[in-house]
Amino acid sequence: MNSTLPQHIAGYGDVTPFQGSAAYLDRPIPPRVAAPTRRSTPHGSKQRSSLQAAIEACHPFDGMTVSFHHHLRVGDSVVMQTIELLAQMGIKDIRLAASSLTSAHEGLVPYLQNGTVTRIWTSGVRSGLGEAISAGQLATPVVIHSHGGRARAITTGELTIDLAVIAAASADEQGNCTGTVGPSAFGSIGYAQVDAQYARQTIVVSDTIVPYPCVPVSIPQTQIDHVVKVDAIGDVRKIASGSTRITKSPVDLLLARRVADVLHASQAMTPGFNFQLGSGGASLAVAKFLRPYLRDEQLKGGFLLGGIVAEAVALKQEGFFDAIVDVQSFDSAVATSMAEDPHHLEISADTYANPFNGGCMTDLVDICVLSALEVDTDFNVNVITGSQGVIMAASGGHSDTAFGAKLTVVVCPSFRGRVPTLVERVTTCVTPGEDIDLLVTERGICVNPRRPELEARLKAAHLPVVDIHTLKAKVDKLLGVPAPQRFNDRIVGVVQYRDGSVIDVIRQRRGA
């Protein structure tokens, strides 16, 4: 995929280059590491007086790996509370292993500069933190992984966690906890389930301590060492923001309607079909425009997967799907459905997308609709860096779902702010073009040449199918071809494919 990959990257290690999205199926299966053993005192309490007391009880040390989950997204406050305390204790060289990082974590930048945090493993980095890493302010390259890739790395021991700090909406003093009940209910806590199982020590942080036992139990007390009550774990009103907010943009709504037309014409919407929507305005809005087709043809799907929004819950409640399988709720209102509907299932990131288990959910998806920052003429997709080469978004479950789905649709406008989305070569490759079937834009629909039967169906439905090179030429004629970005040799980011191979690297921008 990327002929410029080095064999070794300082601060990362030896590079196993990406060799195809299905290559892992032919390689030996890596063994799982054992979950750590614990012990507790009979009739003792795990509740500590403060987050600082809990951290001190874990005996923090230089070079430790501390993990977090990002279900509170922009509303999260637990990451900053924890890192600030560790810094005050004088802990250095921390590896921060957050399932994703948002604008809520811009305050980490000074901790990169003073050596408190020197390594980051995550699915996404945004805002000022992404700009700082892109400018080389992190001592070692940030490692970008997919959600399934993170679960793989933890369960195989590539990413060992010394301390997992878990924000919960409710917890009891023994550590049973959930994200679905409480004043700060945020829904699924699926990413933290893997952390709790494999971390050497765990702290549950909640603003609501309930009488024993906490019900429902998303993470059991057997995996928890300490429990802390804090004033606030964050602001759940900020979960539905940015890429997880339902769009009102006319262009995004036009694109979403076109995707619904494409899905219908593709004949992939068959009885029992399983469906996932990725983050991004147009992608999430597709659910709204599917309803007329489902109703008119009396069609019922199987399960809805992935980041779940209120519109997906509505489709389930109206009987258009049998179940919702939820690793992350994109709207705090979804928590009510999870708490009350037995067919709204909470799953871990391992069950969601780990390629090295007995069967992840993404391998059962029939149709997925995903967003993109850039798509190139080989259908490779960039969802992590902007056109200027700055890290600004997240890998998420993009490559996981694109590989597993029978039909993978990428939807995005052909340009944003006079910057073309369709390019000759993506700035950073996250999902390989071999797993993308369709690109839907406002100026035409491009079909991967691997799917000629799909192209024939869309043309038969009189949809505006256009060759991807022809569409790029139209966009270039309208906007001109941007000058190529210039980068230094220094690598500031390593993009892992879901199997742990390296699919691309991110280099420091020249002049940054």
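Strand β18 (residues 374–376) and strand β19 run antiparallel and are joined by two bridges. Strands count as paired if DSSP finds at least two bridges between them. Helices (H or I, at least four residues) and strands (E, at least two) are DSSP runs, numbered from the N terminus. The model is predicted: local features need pLDDT of at least 70, side-chain atom pairs count only at pLDDT 80 or more, and totals for chains, interfaces and linings use all residues. Residues are numbered from 1 along each chain as its sequence is written, and side-chain values use heavy atoms, with hydrogens and water left out.

Glu 374 has its bridge partner in β19, namely Asn 382. The two strands belong to an open sheet of three strands. Its order is β19-β18-β23, and the pairing is mixed. β19 (381–382) and β23 (422–423) are the edge strands, each pairing on one side only. In general, strands of a sheet pair through backbone hydrogen bonds, either parallel or antiparallel.

Pockets and cavities were found on a 1 Å grid over the protein atoms alone. A cavity is a set of points where a 1.4 Å probe fits but cannot get out. A pocket is an open set with protein on both sides within 12 Å along at least five of seven lines. Lining residues have an atom within 4 Å of a point. Grid points are joined across faces, edges and corners, and a volume is the space filled by probe spheres set on the points.

The second largest pocket holds about 390 Å³ of space. It is lined by 19 residues, of which Glu 374, Val 423, Pro 482, Ala 483 and Pro 484 are the closest to its centre. At least two lining residues come from each of β22 (419–420), β23 and α14 (468–479). The lining of this pocket has ten nonpolar, four polar and five charged residues. In this scheme Ala, Val, Leu, Ile, Met, Phe, Trp, Tyr, Cys and Pro count as nonpolar, Asp, Glu, Lys and Arg as charged, and the others, Gly among them, as polar.

Two cavities of 30 Å³ or more are present. The largest cavity has a volume of about 70 Å³. β13 (275–277), β14 (301–308) and α9 (310–317) are the elements that give two or more residues to its lining. β14 gives the most, with four residues. Lining residues of the largest cavity include Phe 275, Leu 277, Leu 304, Ile 308 and Leu 315. The lining has nine nonpolar, two polar and no charged residues.

The second largest cavity contains about 40 Å³ of space. Among its lining residues are His 147, Arg 150, Tyr 191, Asp 195 and Ala 349. α5 (147–155) and α6 (190–198) each give two or more residues to this lining. The largest share, four residues, comes from α5. Five nonpolar, one polar and two charged residues make up the lining of the second largest cavity.

Salt bridges number 21 (a side-chain nitrogen of Lys or Arg within 4 Å of a carboxyl oxygen of Asp or Glu). One of them links Asp 162 to Arg 200, with the closest N and O atoms 2.5 Å apart. Asp 162 lies in the loop between α5 and β8 (163–168), and Arg 200 in the loop between α6 and β11 (201–206), so the pair ties together parts that are 38 residues apart in sequence. Accessibility is classed by relative accessible area: buried is under 20%, exposed over 50%, and partly exposed in between (1.4 Å probe, protein chains only). Asp 162 is buried, at 11%, whereas Arg 200 is partly exposed, at 48%.

Asp 235 and Arg 237 form another salt bridge (2.9 Å, N to O). Arg 237 is exposed, at 71%. Arg 451 and Glu 453 also meet in a salt bridge (2.6 Å, N to O). Here Arg 451 is buried, at 18%, and Glu 453 is partly exposed, at 33%.

The structure holds zero disulfides (pairs of cysteine sulfur atoms within 2.5 Å). For Cys 58, the closest cysteine sulfur is in Cys 177, 15 Å away and too far for a bond. Cys 58 is buried, at 6% relative accessibility. For Cys 360, the closest cysteine sulfur is in Cys 368, 13 Å away and again too far for a bond. Cys 360 is buried, at 2%.
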